[in-house]
Amino acid sequence: MKTRFCRLSGGPEDEEIYREAGAIIREGGLVAFPTETVYGLGGNGLSGASSAKIYAAKGRPSDNPLILHIAGMEELPALVSDIPDAAKRLAEAFWPGPMTLIFRKSSLVPPETTGGLDTVAVRMPSHPAAQRFIRAAGVPIAAPSANLSGRPSPTTAKHVREDLDGRIDMILDGGPADIGLESTIIDVTEETPVILRPGYIGREALETLLGKVELDRAVFAEPAQGVKPKAPGMKYRHYAPKAEMTLVEGAFAAEAILKEAAASARAGRRTGILCSEETKDRYSPLAEELGAEGFSLKLFCAGRRSDPESIAHRLFGLLRQFDEDGIEVVWAESFDEGGIGTAVMNRLRKAAGYRIMRT
Ligand code: TXA
Ligand code: MG
């Protein structure tokens, strides 16, 4: 299949592109599109056949349900069997935006879209291109992140192309995603709302609005502990670069990273350090020294610790960069939890396959 690549300008001249993208969806095809979190791979969410195509294009297990994307509140009642009070308050506060809510589904939503569950995930993205695309399609858009299963979620159209060129009908390029991490998923079907996947909207902000909010225990449990996550997708190996990545935690992390990175590089393995603006100068003399000896150590700066959003924004791009640069071993710093930091650490632990060194 030939994939059409369309750059959006943000102006009225995009109208023709949206019209074509909408027609592709109604005919059962697939279109990747930008959102404020990551790029999505969209199909007609009310068609079981379209959802099946999404799973096939991504190589995703079909028991891992998709998120339905809507452009306005008026689309919600048809998709769900009831709208709990907590959901109304959350929607008012955070939609459109980087939040997904789990509802009991209506009979309109086919089982293929929800991986056979009787609940459905719904999100109203704020990105203007996502809004225009959903409206042009005229149906709710089922969309997982637009990566091959197991790869980091795409934050640029180039990432989407790397994974899905030739497998889908169209890619809409709206530039880099603002946030860079997937939405916060909240289950509102229970008495107390539960965060199934941490994201941009942190637990603190949710509790300010609702009172008590729980975090699904599986979010920070290692798979070996056997806690079954409530979001089926959270159980899969995810985001992993080809490199063997170790996350180094604790007060002496920098010292440990210097020692371990020097050893891996001198063992002849292409080595990377994932660090921050505030810490990168601690490692640069070692990188120079190893370079002069003919070994390879490269620094990957994720962003500023003083600005956790900058780290979220770059993280997935860096995970892909390791592969592009042929890095074989990565020693990664860890970052503060809380707010979006909780989401950053959740993705990093998964990317490291829970290989964690505590100092
Ligand atoms: O930011 C985002 O949420 C992006 C953009 C494209 O909107 N989408 C995204 O979709 O990250 P995906 O498919 O990569 O992740 C969806 C997650 C999976 O972990 C899935 O298991 C969970 O949502 N999920 C979907 N429906 C669910 C349901 N009914 N109950 C529990 N978890 C659900
Ligand atoms: Mg995903």
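**Reading the site of ligand 1**

Modeller: Strand S6 gives the most to the shell around ligand 1, with four residues. A strand here is a DSSP run of E, at least two residues, numbered from the N terminus. This is a predicted model, where local features need pLDDT of at least 70 and side-chain atom pairs count only at pLDDT 80 or more. Residues are numbered from 1 along each chain as its sequence is written.

Biologist: Which residues come nearest to ligand 1?

Modeller: A residue is near a molecule if one of its heavy atoms lies within 4 Å of it. Of the 29 residues around ligand 1, the nearest are Thr37, Asn64, His69, Ser183 and Gly233.

Biologist: Which strands each supply at least two residues of the shell?

Modeller: Strands S4 (67–69), S6 (119–123) and S10 (194–197) do.

Biologist: How do I read a polar contact?

Modeller: Look for a pair of N or O atoms within 3.5 Å; within protein, one must be able to donate a hydrogen and the other to accept it, and residues adjacent in sequence count only if both atoms are side-chain atoms. An oxygen atom of ligand 1 is 2.7 Å from a side-chain N or O atom of Thr37. For a polar side-chain atom of Arg60, the distance to a ligand 1 oxygen is 2.9 Å.

Biologist: Is Thr35 buried or exposed?

Modeller: Buried means under 20% relative accessible area, exposed over 50%, partly exposed in between (1.4 Å probe, protein chains only). Thr35 counts as buried because its relative accessibility is 2%. The side chain of Thr35 reaches the backbone oxygen of Val38 at 2.7 Å. The side chains of Thr35 and Arg123 make a polar contact of 2.9 Å.

Key. Chains lettered and ligands numbered in written order. Heavy atoms only, no water.
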